[in-house]
Amino acid sequence: MEQDLARVIGHLSRARSVLFVTGAGVSAESGIPTYRGIGGLYDGKPTEGGVPIEVALSESMFRHQPERTWKHLHDIERACRGAVFNRAHEILALLEGYFERCWVLTQNVDGFHKAAGSKNVIDIHGDIHELRCTRCDFAERVADYSHLPSCPSCPRCGAVVRPNVVLFEELLSPTKVALMERELTRGFDLVFTIGTSSLFPYITAPVLQAAQRQHPTVEINPGRTSLSELVEVRLEVGAVAACEALWAARGQWERRR
């Protein structure tokens with residue numbers, strides 16, 4: 001661990017641009033449950049309606065039976081209610097001020113990176129606190145769903161309202177994809193992947209691209225993933241422990257810059 005941490009410190013001292021790719025493991029330390037992970041809401045079992053969670057939270061289910069999708073959206077939000085960002089989110093936000101370019105690409109929909117102070121965030125799967133009408137341009141941000149009916153409707157036109165997140169079967173936001181591609185085209189001197197199992201191509205792409213350009217890559221994850229054999233450095237610890245270690249050592253990599 002000490003040798004690996006020293007290598008990461010060396011990379012931070014030379015980097016002018018850094019990308020952090022984050023997943024459920026970062027927010028898990030805030031008490032956010034995963035859908036399918038060990039101890040998750042739907043770990044090894046179907047939903048109450050007897051269908052996999054991927055079906056319950058799909059575009060086709062929402063289109064035909066929005067009340068069923070909303071039932072599970074309420075369950076997920078209720079399980080997360082009261083959770084707040086943790087020290088890893090805070091440190092990633094603080095690191096923005098140390099580099100010429102510093103971005104977070106996150107799969108998480110909890111909004112914790114922005115709440116912790118990060119400004120350069122690509123929340124590629126959306127934000128569960130942002131609601132929008134499926135017909136008109138009505139949109140609002142809510143702290144939680146406690147005041148929402150079981151299947152909320154638009155106060156302007158009466159159509160069904162939905163969270164501004166990517167459901168299964170849906171395409172990613174073109175605007176966010178364009179932003180991600182713009183920053184990846186510019187390239188990063190150093191790429192971290194933190195707390196993600198790296199299952200989606202657009203999540204593995206930044207790491208693979210950096211490796212092809214012979215730029216250093218770092219994986220922070222207590223478990224092994226599809227990228228574990230490809231990254232240059234692995235820190236086999238949780239997100240909070242790793243970020244705190246890097247932040248505690250900032251005097252070392254600041255002096256070398």
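Gln214 is placed in the loop between helix 9 and strand 8 (217–220); helices (H or I, at least four residues) and strands (E, at least two) are DSSP runs, numbered from the N terminus. The model is predicted, and local features need pLDDT of at least 70, side-chain atom pairs count only at pLDDT 80 or more, and totals for chains, interfaces and linings use all residues. Residues are numbered from 1 along each chain as its sequence is written, and side-chain values use heavy atoms, with hydrogens and water left out.

Although not a glycine, Gln214 has a positive phi of about 60°. Gln214 is exposed, at 74% relative accessibility (exposed is over 50% relative accessible area, buried under 20%, partly exposed in between; 1.4 Å probe, protein chains only). Ser198, also not a glycine, has a positive phi of about 55°. Ser198 lies in the loop between strand 7 (190–194) and helix 9 (201–212), and is buried, with a relative accessible area of 3%.

Three strands form an open sheet in the order 5-4-6, with antiparallel pairing; two strands pair if DSSP finds at least two bridges between them. Strand 5 (139–141) and strand 6 (161–165) are the edge strands, each pairing on one side only. On average, neighbouring strands of this sheet are turned by 35° against each other, direction ignored. Strand 4 (residues 126–133) and strand 6 run antiparallel and are joined by five bridges. Gly126 has Val165 of strand 6 as its bridge partner. Helix 5 (residues 66–80) packs on the sheet and touches strand 4 and strand 6, with its direction at about 55° to that of strand 6. Contact means heavy atoms within 4.5 Å; axes are lines fitted to C-alpha atoms, for helices over the stretch in contact, and angles run from 0 to 180 degrees between N-to-C directions.

Two cavities of 30 Å³ or more were counted. A cavity is a set of points on a 1 Å grid over the protein atoms alone where a 1.4 Å probe fits but cannot get out, and lining residues have an atom within 4 Å of a point. Grid points are joined across faces, edges and corners, and a volume is the space filled by probe spheres set on the points. The largest cavity has a volume of about 50 Å³. Helix 7 (112–115) and strand 3 (121–123) each supply at least two residues of its lining, and the largest share, three residues, comes from helix 7. The second largest cavity has a volume of about 40 Å³. Its lining includes Leu19, Trp103 and Glu183, and helix 8 gives the most to this lining, with three residues.

Methods
On a 1 Å grid over the protein atoms alone, a cavity is a set of points where a 1.4 Å probe fits but cannot get out, and a pocket is an open set with protein on both sides within 12 Å along at least five of seven lines; lining residues have an atom within 4 Å of a point.
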